[in-house]
Every structure is written in C-alpha cells, then in structure tokens.
Amino acid sequence: MRAIVIESPDSLSWTEVPDPEPAEGEVVVDVTAAGVNRADTAQRQGHYPPPAGASPYPGLECSGVISAIGPGVRDHHVGERVSALLAGGGYAEKVAVPAGQLLPVPQGLSVQEAAALPEVACTVWSNVVDLARLRRGQTLLVHGGGSGIGTFAVQLAKALGVTVVATARAAKHEALTKLGADKIIDYTTADWVAETKDFTGGRGADVVLDIIGAKYLGQNIDVLATNGRLAIIGLQGGRKAEIDLGALLAKRGSISATTLRARPVAEKTRIVRGVRDQVWPLVDAGTIKPVIDTTMPMSEAMAAHRRMEAGDHLGKILLLA
C-alpha cells in the first residue's frame, strides 16, 4: 500500500510501505478519505510524535470500508462502511483500527464525507459535554469558530439548546451565523472578553473551548461565568503562562486540559460510544452536518497542511486515498 511518510518538517511523500495486519480486537479499513488536523501539522514539524505502538504515519481520523477482521472482533464485517478515530495512520490506503474506535457512516452522508467527523466529534463531545458538563440554557464560547473543531462545536451546542459565542476572522462570520452561532467576534479587531460579557449581560461564558492555550489563559479566566469551566485542547498560542489563582477562585472556576490521541484504547472506546449514542443521532437527522472546506488527493498532503497553517479554511480539509 501507499502512505504519507514524513521526510522532514517541510516534506511529505506518498510512498510504498508494508500493509497493516489486524491485531487482536482490530480491523483493517481500506481508506476512502482522511481528515487533516492541527495535530498532523504538529507531527510533521516534530512537535507531536505518535504514542508508543501507534502508526508512524499522520492521520487521526478516516473513513472507508473494512477489508479484514482481526481475532476477537464479532460486531463488524468485511465490506462494512465505517469512519474511525485513530492514534495515527489515516494518511494511507489502509489502516488498522481497534474495533471500539469505529463509527458507522451516518445516514445521508457519503463514506467520503464521514471522514470529517470522528476527531472533531470525539474531541468536542469529550471536552465540552462529558468533561465540562455543558447543558441546555448555558453559554459556550468557542475559539477558532471557523475550524473543524469550531464548526462542529457550534452545531452540537445549538442542538443541545446552548447559546454560542464564537471567535473567528470576519470572512467566516456569515458561515458561522448559518451554522447557528448567536454572537461572532472578530478576534483580530475586537475585545472578545468585553463583547462576550456585554452579550451575556455581564455573566460571561459557562464553558470556554480553547485551542490557543497560554496566550489566552488570563482572558479565558476573565470571561468565565461563576462556576465556569475552561477546556483547553490546543496550544497554538503557547504552552506556558502565569495564572491568577485568585481570579479563578473568585469565579469558582475549573480548568481542564486534554489530548485525545494518547489515551488508552479503553478510554477512546468509551468516548466513541458516547459519541455514537449522543451525537450520531443528531448527524443521522441532519441536525449536525460536516463542514468540508477542501478535498485533495492524498499525494497533495503537504498542500493541505499549508492551507491549514494559513488559517483560511472553513471546517475540515479532507485527503482522498
């Protein structure tokens, strides 16, 4: 088979590599499409190596058709259309996947479109719903509203009956309004803390979903409502910052910081099950739809990374095997 191999921080190649074999509890998926994520660009740059035992090739989500079944797998069959959450290896023609990390292709979507969902759905649900306990009637502030994570978070929150504030460049505001965002703030020109507080009558956000990290830490605490929860899932603005614990105490606030990739299979299986039970019915019904910016051949993975790094995309970038 062929896979994308990282040759240097500035070079990816579409190269012949050995086929994967399914281990105990795994299946092999013939890849139709793979989603591009910030973690992939970080891996290419040498900042986010795959966890022990994971595929060395980039790609944290894919969709396709099962072509082989490993020992101990009983609930899946060859020829089944699936999407999958991965620890790596999605940028390839084939990938081995633990069966607990498979999701069905939602009703009304093509196999290709389904590749846009596993990583964002599992990341948003696990951090915003499962960990930060976002509930109907609350307010969610989403940073990077035009990203794959952001466009999914807006839709999921609206489906849950939540008021959504999103930060994004002005060019993405119209699209985010159509997705249901109640207030969109251009973070390049506006004071998003002040505007969020003004929009909420001074209350602030019950939950903040943050991809920036250190640069926004103080402001994120400032914008929290009483009993607010800050969920950090990215470090685009750095990894080290000073924290005012007094401000956090005054808010009775909490901070969580998680990654998904390195979690044990059992934890990922639990998250995938939660997504299948609570989120997939919304996708099946068309309440949540994948937002796909661009599709490119897998051989053009470097161009896909450059588009993501430029920040001009809206939603997901997909690579086609």
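Mentor: With handedness: a crossing is left-handed if the near helix is turned anticlockwise from the far one by less than a right angle, and right-handed if clockwise. The crossing of H3 and H4 is right-handed. This is a predicted model, in which local features need pLDDT of at least 70, side-chain atom pairs count only at pLDDT 80 or more, and totals for chains, interfaces and linings use all residues. Residues are numbered from 1 along each chain as its sequence is written, and side-chain values use heavy atoms, with hydrogens and water left out.

Trainee: At what angle do the axes of H3 and H4 cross?

Mentor: Axes are lines fitted to C-alpha atoms, for helices over the stretch in contact, and angles run from 0 to 180 degrees between N-to-C directions. Helices (H or I, at least four residues) and strands (E, at least two) are DSSP runs, numbered from the N terminus. Here the axes of H3 (residues 118–131) and H4 (residues 148–159) cross at roughly 55° and come within 9 Å. H3 and H4 are therefore oblique to each other (under 35 degrees is roughly parallel, over 145 roughly antiparallel, 65 to 115 roughly perpendicular, the rest oblique).

Trainee: Which residues make the contact?

Mentor: Contact means heavy atoms within 4.5 Å. H3 contributes Val 120, Ala 121, Thr 123, Val 124, Trp 125 and Val 129, and H4 contributes Gly 148, Ile 149, Phe 152, Ala 153 and Leu 156.

Trainee: And how many helices and strands are in the protein chain?

Mentor: The protein chain has 11 helices and 15 strands. Its C-alpha atoms fill a box of roughly 55 × 40 × 35 Å along the principal axes. Among contacts with a separation of 6 or more, 67% join residues 24 or more positions apart.
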